[in-house]
Amino acid sequence: MEVDSAVIGAGIIGLACAERLSRAGRSIVVLERHDRPIQETSSRSSQVVHAGLYYPTGTWKARLCVSGNRALYGWCEAHGVPHARLGKLVVATTPDEEPELHRLLAQGQANGVPNLSLADTAFVRAKEPDVRATAALWSPDTGVLDVHALAESLVAEASSRGATFAWRHRLTALERSGDAWALRLDGPDGQPVTLRARHVVNAAGLDSDTIAALAGIDLDTAGYRLHYAKGRYFRLKAKGRVRHLVYPVPAAHLAGLGVHVTVGLDGDVRLGPDVTYLPDRRIDYAVPESLGPDFARAAARFLPFVTPELVEPDQAGIRPKLSGSGEPFRDFVIAEESARGLPGLVNLVGLESPGLTCALEIAREVEALLG
Ligand SMILES: Cc1cc2nc3c(=O)[nH]c(=O)nc-3n(C[C@H](O)[C@H](O)[C@H](O)COP(=O)(O)OP(=O)(O)OC[C@H]3O[C@@H](n4cnc5c(N)ncnc54)[C@H](O)[C@@H]3O)c2cc1C
């Protein structure tokens with residue numbers, strides 16, 4: 001079988017790429033080792049539509065988050081995907097954290113984030129009576145969505161234009177062959193399957209570096225080697241008591257945004273995620289109950305009513321990070337690899353947060369790279 005484009009991975013990024021590429025009438029196949037879409041990182045996030053405050057100006061993360069926020073709300077409205085523009089407070093809990101709010105405001109404005117403002121305690125109290133803060137940054141365009149409904153809508157659109165989805169197909173080999181790519185897969189019953197594609201989009205999430213290596217890329221020379229950083233969540237047994245997203249000022253190097261409060265479309269309140277590097281890249285989604293007091297303590301800095309009795313373990317996700325523990329910020333890799341002698345291969349590596357927010361815009365970039 002030969003197709004125009006093979007997309008590896010049916011996470012939210014692979015689905016967005018399939019939807020986008022199918023618009024031009026190309027033949028598309030999405031190859032996914034699971035039997036359904038979004039079975040890995042994409043279904044284990046906070047489902048927050050970020051505004052784009054945090055990231056250095058000019059980076060993919062900053063640019064695609066700002067435009068991705070608009071694009072994603074537009075898609076949700078057009079396709080009936082449940083979402084809510086709840087708004088987010090970044091809170092300083094002591095006066096010495098307040099300069100960080102000014103820095104974030106300037107960073108967000110430099111990135112082109114609209115509608116940001118500094119807020120005083122009266123504003124915070126009116127929004128969230130239980131939050132303790134000396135000042136805050138208000139981001140009205142941060143919100144949440146239903147990622148499963150988003151995935152369904154992308155699959156439906158791509159399928160309606162002829163894209164096919166090969167579930168339970170694991171890519172095992174990828175090599176350049178003539179003017180195309182030869183892909184080898186393990187099919188549903190372990191039988192080998194081969195496929196040729198003019199273009200390959202590597203949207204394999206936690207294994208995107210492994211796939212790049214299969215294509216012959218030296219991960220250390222290219223700077224593509226991933227580190228796994230687990231993020232755990234606890235549920236707050238206080239549904240409805242918090243109605244906006246509430247974040248502390250962020251940690252150094254943007255390893256994570258600090259244990260924060262997210263509110264689901266169903267009103268559930270969650271604390272997290274934290275950041276714990278997994279040294280051996282083991283997939284581990286456990287959330288030990290014993291961590292409850294740590295999460296409660298982190299949240300109680302700005303939500304004093306939170307006690308260990310009010311929290312219970314929730315889910316965990318794993319970030320595919322290009323920066324190791326303590327290392328500086330790294331941007332997404334969104335690269336067509338002609339310069340490495342691998343034309344038609346687009347690698348998407350290190351798509352941690354805000355990857356969900358950026359998904360539609362990453363897909364637009366992929367389409368542009370493939371011409
Ligand atoms: C804890 C946490 C919280 C987050 N919160 C947010 C948030 O609030 N907002 C936001 O914008 N972003 C957030 N993110 C980031 C966001 O979730 C990711 O950027 C996004 O989901 C990445 O999607 P993906 O498609 O690249 O990866 P994935 O969802 O991991 O999909 C990759 C797919 O590739 C498949 N695959 C891999 N290897 C193979 C192979 N060899 N053969 C076949 N298939 C293969 C996998 O099975 C998988 O289905 C968060 C991430 C984490 C971990």
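# Briefing on a predicted protein model

Buried residues make up 56% of the 371 residues in the protein, where buried means under 20% relative accessible area, exposed means over 50%, and partly exposed lies in between (1.4 Å probe, protein chains only). This is a predicted model, in which local features need pLDDT of at least 70 and side-chain atom pairs count only at pLDDT 80 or more, while totals for chains, interfaces and linings use all residues. Residues are numbered from 1 along each chain as its sequence is written, and side-chain values use heavy atoms, with hydrogens and water left out.

**Overall form**

- The secondary structure comprises nine helices and 20 strands; helices (H or I, at least four residues) and strands (E, at least two) are DSSP runs, numbered from the N terminus.
- The radius of gyration is 21 Å, close to the 21 Å given by the globule rule for 371 residues, so the protein is as compact as a globular protein of that length. This radius is taken over C-alpha atoms, and the globule rule is 2.2 Å times the number of residues to the power 0.38.
- Along the principal axes, the C-alpha atoms fill a box of roughly 65 × 40 × 40 Å.
- Of the contacts with a separation of 6 or more, 72% are between residues 24 or more positions apart; contact means heavy atoms within 4.5 Å.
- The protein exposes about 14,400 Å², of which carbon and sulfur atoms supply 51%. Accessible areas come from the Shrake-Rupley method with a 1.4 Å probe, and for residues only the protein chains shown count as cover.

**A three-stranded sheet**

- Strands of a sheet pair through backbone hydrogen bonds, either parallel or antiparallel.
- An open sheet is formed by three strands in the order S3-S8-S4, with antiparallel pairing; two strands pair if DSSP finds at least two bridges between them.
- Strand S3 (48-49) and strand S4 (83-84) stand at the edges with a single partner strand each, so one side of each has no neighbour in the sheet.
- S4 and strand S8 (residues 143-145) run antiparallel and are joined by two bridges. Here His83 stands opposite Leu145 in S8.

**Helix H2**

- Helix H2 (residues 60-79) has a kink of about 30°, centred on Gly68. The bend at a residue is the angle between axes fitted to the seven residues ending there and the seven starting there.
- Gly80 follows H2 and has a positive phi, near 65°.

**Aromatic pairs**

- Four aromatic pairs are found in a search of the whole structure. Rings of Phe, Tyr and Trp (its six-membered ring) pair if their centres lie within 6.5 Å; planes under 30 degrees apart count as stacked, over 60 as edge-to-face and the rest as tilted.
- One of the pairs is edge-to-face: Tyr54 and Tyr55 are 6.1 Å apart centre to centre, with 70° between the planes. Both Tyr54 and Tyr55 are buried.
- The ring centres of Phe234 and Phe295 are 4.7 Å apart and their planes stand at 40°, so this pair is tilted. The pair links distant parts of the chain, as Phe234 in strand S13 (residues 227-236) and Phe295 in helix H8 (residues 292-300) are 61 residues apart.
- Phe234 and Phe295 are both buried.

**Asp314 and its surroundings**

- Asp314 is found in strand S18 (residues 311-321) and counts as buried, at 19% relative accessibility.
- Apart from its neighbours within four places in sequence, Asp314 is in contact with Tyr233, Phe234, Arg235, Arg270 and Val287.
- The C-alpha atoms of Asp314 and Val3 are separated by 41 Å, and the two residues are 311 residues apart along the chain.

**Backbone details in loops**

- Gly272 and Pro273 are joined by a cis peptide bond with omega of about 0°. Pro273 is in the loop between strand S16 (269-272) and strand S17 (276-278).
- A cis peptide bond also runs from Ser353 to Pro354, with omega near 10°; Pro354 lies in the loop between strand S20 (345-349) and helix H9 (355-370).
- Ile38, although not a glycine, has a positive phi of about 40°. Ile38 sits in the loop between strand S2 (28-31) and S3, and is buried with a relative accessible area of 3%.
- Arg168, also a residue other than glycine, has a positive phi near 55°. The loop between strand S9 (164-166) and strand S10 (170-177) holds Arg168, which counts as partly exposed at 42% relative accessibility.
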